[in-house]
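The following explanation accompanies the structure shown below. It considers charged contacts, a surface patch and a pocket in turn.

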Amino acid sequence: MSVLDWVVLTVTLAGIILYGILRSRGSRSMDDYLLAGQSLPWYHVGLSVMATQASAITFLSTPGQGFADGMRFVQFYFGLPLAMVVLSVTFVPIFHRLKVFTAYEFLEDRFDARVRTLTAGLFLLQRGLSTGLSIYAPAIILSTILGWNIYLTNLLMGGIVLIYTVTGGTKAISHTHLQQMVIITLAMGIAGYLTVKLLPEGIGFVDALHVAGKAGRVNLIDLKFDPNSRYNIWSGLIGGFFLQLSYFGTDQSQVGRYLTGETIGQSRLGLLMNGLLKVPMQFLILLVGVLVFVFYQFNPSPTFFNKQETDRLKASPYARQYQLAEIKHQNLTTQRQKAVIDMQAALKTDDEAAQNVASNTLHETDDALKTVKADVAKLIKQNNPAADTNDVNYIFLRFVLDYLPHGLIGLLIAVIFIASMGSIASAYNSLASTTVVDVYKRLINSKCSDTQYVAISRWSTIGWGIFCIVVAQFANQLGSMIEAVNILGSLFYGVILGVFVVAFYVKSIGGGATFWAAIIAEVLVVASWYFDLTAFLWLNVIGCLLVVGIAWILQRTIYR
Amino acid sequence: MPENTTDLPPFVRSWAQLYAIVIGCLVLEMLLFYGLMRWLS
């Protein structure tokens, strides 16, 4: 990174922090601090919801996904607009009318204090650990590529966001989210435009799309129903719908965003704006990755995008094997370059037979390159068993550093920080609000003044910030902890969703049945995981169904 | 919190109509994606 990049990065981040602090002065009541006085218009709500969901990994991993696997990942978001409609009809009016600060307050109104405390506790455990991971995941990529110290990067990622989150609360978060989304959209737009400009003379945007299409990267829709295929239209519409419903409906980091709407209508409009914009946004981010893929069809690409690991390999006993793999890779990229030029010529002359020949060669070289990469990944693992052999997250940043101009590099690094700050700020705020509203105020001291509760909320935000940064530092030392945190999320998310499904849709079931159903379901989910009965992602569905089923049985037997 | 139709965009008459627009846009996007995929492959 050059001096110019550092200046752009520092000015952008400092600008956001200052803006957040200035726009949120005077947050003295609980309503102001935790819900921005329920005064925000729909576009603030919508952008805040979008910025909370879009983490740093969205901008690091999604273009890499487009590069490696094409655009089929976009189908994962097809269920989101449907979930936004269901939330607007059911969840938003109820949360607004009850004037709740957190989603879990509603559970006491519907059931009893036990169900509220249990669900809030499960949320705090899950969100606290997963926020630590949200800090660590982009920090490890930035520190690897830029050679920064991982502990310091973790501290920066999790620490700078605390400045305006603690002082300004939700108002600061919402205002900075708006600014963050503008910067992110602008920077990604410029990156996409410059990628097209970097293509060889005579290759325009439409030509690039044709090359991507022929190479199988414009695989936007898969109509085949296959439970083993991760992304198809059915898993996107059905699985995606349940996933987004549980995330937006029961996770306080999102509920806290749309409760800031001035009216029910403004909150609804914010969510529906997210429903309208999310799919096109993901499409465009994937498109940037596909354009990077096209760029590398005309230019030599690295064998493995995580340069730190290949540098280690070069200095290891596996250096000779790696060198042979590199030679093979170079030959294949030359072959690919020739095929893509042939393809371009065939497209211009509309020669279908030549197009098919070039397309087949392109697919064959692509497969051969994947095999070489897999061999290199094996060498990396043999040399360093703790190494990450998936380089998808490194593709976009490697391209940015190698080919984009200085200044824009600083801006795109800032985008990664900004995206991370957006989601982490919402997480800190939701952890603090749940701690104060559902634990401290409900169980410990309900007689404080509004000013005292705001002070406790501030200290709680600091406390959770420190906790999450500590989790991130441990994730650095214990590689397996990443998986452990993901599993922990799946252990609790399904049960929480189950409780909310009973609350909203099965009116005949009471608090006692739901509380014990949640406890039994949680034990069964943990047992399923412990005895390795199913892949951990399915625990979300199992947890939800178990709560609904057991609560229904208990209500009709013991609690009738 | 008041719920009223004044929050609706000027060209929309009811919330049900707005929900239909959101779902309709999703269907349109899926059709466009399908067309784009077929055209480019």
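In this predicted model, a network of salt bridges links Glu108(A), Arg116(A), Asp438(A) and Arg442(A). Over all chains, the search of the whole structure finds 14 salt bridges.

One further pair joins Asp391(A) to Lys373(A), with an N to O distance of 3.1 Å. Asp391(A) counts as buried because its relative accessible area is 4%, under the 20% limit. Lys373(A), at 22%, is partly exposed.

Within helix α14 of chain A, Lys338(A) and Asp342(A) are 4 residues apart, about one turn of the helix. Their side chains form a salt bridge at 3.1 Å, N to O. Here Lys338(A) is exposed, with 53% relative accessible area, and Asp342(A) is partly exposed at 38%.

The surface also carries a nonpolar patch, formed by Leu223(A), Phe225(A), Trp234(A), Ile238(A), Phe242(A) and Tyr34(B), with about 620 Å² of accessible area together. Helix α10 of chain A gives the most to this patch, 3 residues. Phe242(A) lies in that helix and is partly exposed, at 47% relative accessibility.

The second largest pocket has a volume of about 440 Å³. It is lined by 20 residues, and those closest to its centre are Thr185(A), Met188(A), Gly189(A), Met281(A) and Leu284(A). Helix α8(A) supplies the largest share of the lining, 9 residues; α3 and α12 of chain A each supply at least two. By class, the lining comprises 17 nonpolar residues, 3 polar and no charged.

Conventions: Residues are numbered from 1 along each chain as its sequence is written. Chains are lettered from A and ligands numbered from 1 in the order in which they are written. This is a predicted model: local features need pLDDT of at least 70, side-chain atom pairs count only at pLDDT 80 or more; totals for chains, interfaces and linings use all residues. Side-chain values use heavy atoms; hydrogens and water are left out. On a 1 Å grid over the protein atoms alone, a cavity is a set of points where a 1.4 Å probe fits but cannot get out, and a pocket is an open set with protein on both sides within 12 Å along at least five of seven lines; lining residues have an atom within 4 Å of a point. Grid points are joined across faces, edges and corners, and a volume is the space filled by probe spheres set on the points. Ala, Val, Leu, Ile, Met, Phe, Trp, Tyr, Cys and Pro count as nonpolar, Asp, Glu, Lys and Arg as charged, and the others, Gly among them, as polar. Patches are made of residues with over 30% relative accessible area and no salt bridge: like charges are joined within 9 Å, nonpolar side chains (Val, Leu, Ile, Met, Phe, Trp, Tyr) within 5 Å. Accessible areas come from the Shrake-Rupley method with a 1.4 Å probe; for residues, only the protein chains shown count as cover. A salt bridge is a side-chain nitrogen of Lys or Arg within 4 Å of a carboxyl oxygen of Asp or Glu. Buried means under 20% relative accessible area, exposed over 50%, partly exposed in between (1.4 Å probe, protein chains only).
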